[in-house]
Amino acid sequence: MNPADDPVRPGPATAIELVVDGRAVPGLAGQTVAGVLLGAGRRTWRSSRSGRPRGVFCGIGVCHDCLVAVNGVDDVRACQRRAADGDVITTTDEPR
Amino acid sequence: MIETPDVLVVGAGPAGLAAAAAARRAGAQVVLLDAAADAGGQYWRHLPAERPAARERILHHGWDRFARLRGQELLADAQVWLVERHDDRPPTVHALVGPADGTAREKRVFAPRALVLATGAYERTLPFPGWDLPGVFTAGAAQALAKAERVAVGRRVVVAGAGPFLLPVAASLVRTGARVLGVLEANPWPRLARAWTARPAELFASRGKAGELAGYVRDLIRHRIPYRAATGVVAAHGDGRVEAVTVARLGPDWAPGTERRIAADAVCVSHGFVPRAELAVAAGCRLDPDGSVHTDAEGRTSVPGVFAAGEITGIGGADLALAEGSVAGTVAAGGADRRGFTGFPARLEAAHGIRPGWTGWLTDDTLVCRCEDVTAGDLRAAAEATGSRGLRSLKLSTRAGLGACQGRVCGRTVEELLNRHTGGLLDPGRTANRPVAALVRLGELAAHHEDHEENA
Ligand SMILES: Cc1cc2nc3c(=O)[nH]c(=O)nc-3n(C[C@H](O)[C@H](O)[C@H](O)COP(=O)(O)OP(=O)(O)OC[C@H]3O[C@@H](n4cnc5c(N)ncnc54)[C@H](O)[C@@H]3O)c2cc1C
Ligand code: FES
């Protein structure tokens with residue numbers, strides 16, 4: 001949520017940038033890859049076997065719905081992987 | 001190199017933190033590890049150190065207690081992927097340490113004198129038409145994203161399912177800027193009242209939990225969020241993402257009745273929890289019929305030298321996890337302690353347990369296995385066509401439960417549905433039996449074997 005309205009009163013955070021399917025997406029240091037993607041308004045980034053869109057479902061590493069490629073390595077759970085500045089994320093789905 | 005701590009604690013949630021602290025107090029040399037980047041588990045999932053916040057405590061209960069427990073040394077980002085059983089000593093535990101699902105993680109191997117498993121639980125979500133649409137989340141996902149990312153899963157959100165956990169989820173969503181349209185509990189008021197008000201003295205030990213829940217109820221009132229019993233989400237609709245949900249009145253056995261449709265862009269669902277028991281199963285620990293790890297009052301499992309604490313031993317909330325962890329940690333370190341009786345888990349099940357009528361909201365094309373896209377109709381057709389009553393063979397022929405999550409999400413549901421279609425499975429069994437507890441890359445495994453051969 002917008003830090004100015006956030007009741008937890010966030011302190012300063014460090015901006016990072018991921019490259020998602022060739023496009024720069026901003027995030028904050030300490031976020032997961034899924035957190036950055038959802039924060040940027042992206043809900044899905046993968047398709048199931050029969051082409052149904054998938055993104056975050058369980059949020060805790062159990063369901064494997066959220067897989068992405070990070071720096072060329074496939075099948076990384078986006079909800080478990082901390083994003084690092086400059087990480088190159090490749091999804092298998094059109095943004096929606 | 002094989003490390004040999006007195007006590008190895010797997011999981012740094014409330015139970016594991018309490019176990020490690022107690023074992024240290026008893027003088028043991030302890031290694032505490034967790035797959036996550038930080039301590040806290042699911043209950044105290046919090047903002048990363050890089051994102052300090054002055055009032056983070058408003059998202060939490062027992063924050064002071066956590067502040068005391070989290071000072072301990074923790075081996076973070078450590079995924080246990082294999083537990084090797086031995087006949088004459090506690091199991092050997094293999095962990096990979098580094099960024100989640102990475103390729104070149106550091107291998108650590110532990111042969112502890114005592115092992116404490118505190119791996120917690122994950123949610124059980126029953127399928128309904130449209131539950132794989134983007135915008136349907138587990139309630140835990142909404143909670144994790146709110147607490148650790150400050151991301152709200154939607155603007156207009158419905159929270160539905162069964163159990164007291166729906167309340168903190170609604171509270172966090174509101175504090176993350178979402179509008180919560182309602183909290184829908186599937187069970188009816190009479191059942192809730194009967195289970196929670198009988199023999200109140202038994203619940204004395206859980207009074208902290210009662211205070212916490214009362215706080216959430218005040219939150220609902222303050223934010224004018226309706227709480228409805230005997231109600232559930234039975235379908236989600238939308239073109240590529242959730243745009244509306246169908247909400248139905250549910251009978252006492254959860255059979256769906258009168259429906260209405262409401263516009264929403266997200267729905268968070270939780271029908272209960274499943275113990276994360278795979279490491280315990282790999283260690284050879286006996287399970288109770290409900291799938292939780294069997295322990296005695298000192299936290300011992302059926303395997304000598306292996307202890308279990310927290311929600312892998314039964315679903316009872318964070319206070320109970322802390323108490324169990326403290327007992328198991330003390331005893332694992334060679335001290336003496338035992339836990340008192342608490343009626344909380346039994347009440348939870350009596351009040352909020354899943355009832356069989358839920359299959360009334362399934363349609364033939366409702367997805368059951370999200371990984372392999374297997375529908376409820378596929379399962380029934382396979383049972384009818386083959387006449388088989390074997391869970392294993394029916395799973396193989398439909399591929400249900402054999403995808404990337406290894407049946408963690410749909411396992412129990414597949415088993416229940418097939419049990420009905422076949423008139424009783426011949427080989428029912430919990431689906432927690434997974435030889436490798438986490439997906440590991442073949443390259444990492446190969447490297448692991450080379451290491452072992454070098455050492456041999
Ligand atoms: C997503 C989610 C959110 C929840 N939020 C709340 C809440 O806000 N309020 C509430 O009252 N209850 C909540 N619960 C219920 C919660 O399970 C308990 O209240 C409490 O966290 C249980 O404590 P525990 O120590 O038993 O397990 P957990 O807190 O679940 O801790 C288990 C730990 O073990 C680690 N682990 C598991 N497997 C491995 C492995 N193979 N290798 C290494 N580490 C491993 C996990 O990373 C985790 O940190 C939530 C549950 C879930 C699933
Ligand atoms: S959302 Fe389930 S594993 Fe990431």
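Here is a quick tour of how chain A and chain B meet, and of some charged pairs in the structure. This is a predicted model, where local features need pLDDT of at least 70, side-chain atom pairs count only at pLDDT 80 or more, and totals for chains, interfaces and linings use all residues. Residues are numbered from 1 along each chain as its sequence is written, chains are lettered from A and ligands numbered from 1 in the order in which they are written, and side-chain values use heavy atoms, with hydrogens and water left out.

**Where the chains meet**

- Chain B brings 58 residues to the contact and chain A brings 44 (contact means heavy atoms within 4.5 Å).
- Together the two chains bury about 4200 Å², with 52% of that on carbon and sulfur atoms; buried area is the accessible area (1.4 Å probe) that two parts lose on being put together, summed over both.
- There are 24 residue pairs in polar contact between chain B and chain A, both residues being at pLDDT 80 or more. A polar contact is a pair of N or O atoms within 3.5 Å; within protein, one must be able to donate a hydrogen and the other to accept it, and residues adjacent in sequence count only if both atoms are side-chain atoms.
- On the side of chain B that touches chain A, you'll find 28 nonpolar, twelve polar and 18 charged residues. Here Ala, Val, Leu, Ile, Met, Phe, Trp, Tyr, Cys and Pro count as nonpolar, Asp, Glu, Lys and Arg as charged, and the others, Gly among them, as polar.

**Salt bridges across the interface**

- Side chains of opposite charge can pair when their charged atoms come close.
- Seven salt bridges cross between chain B and chain A (a side-chain nitrogen of Lys or Arg within 4 Å of a carboxyl oxygen of Asp or Glu).
- One of them pairs A:Arg77 with B:Asp101, their closest N and O atoms being 2.8 Å apart.

**Salt bridges inside chain B**

- Over all chains, the whole structure has 24 salt bridges.
- B:Asp219 pairs with B:Arg222 at 3.4 Å between the closest N and O atoms. B:Asp219 is buried at 6% relative accessibility, while B:Arg222 is exposed at 53% (buried is under 20% relative accessible area, exposed over 50%, partly exposed in between; 1.4 Å probe, protein chains only).
- B:Arg408 and B:Glu278 form another salt bridge, with 3.1 Å between the closest N and O atoms, and both residues are buried.
- Salt bridges that share partners join A:Arg52, A:Arg54, A:Asp65, B:Asp132, B:Arg370 and B:Asp373 into one network.
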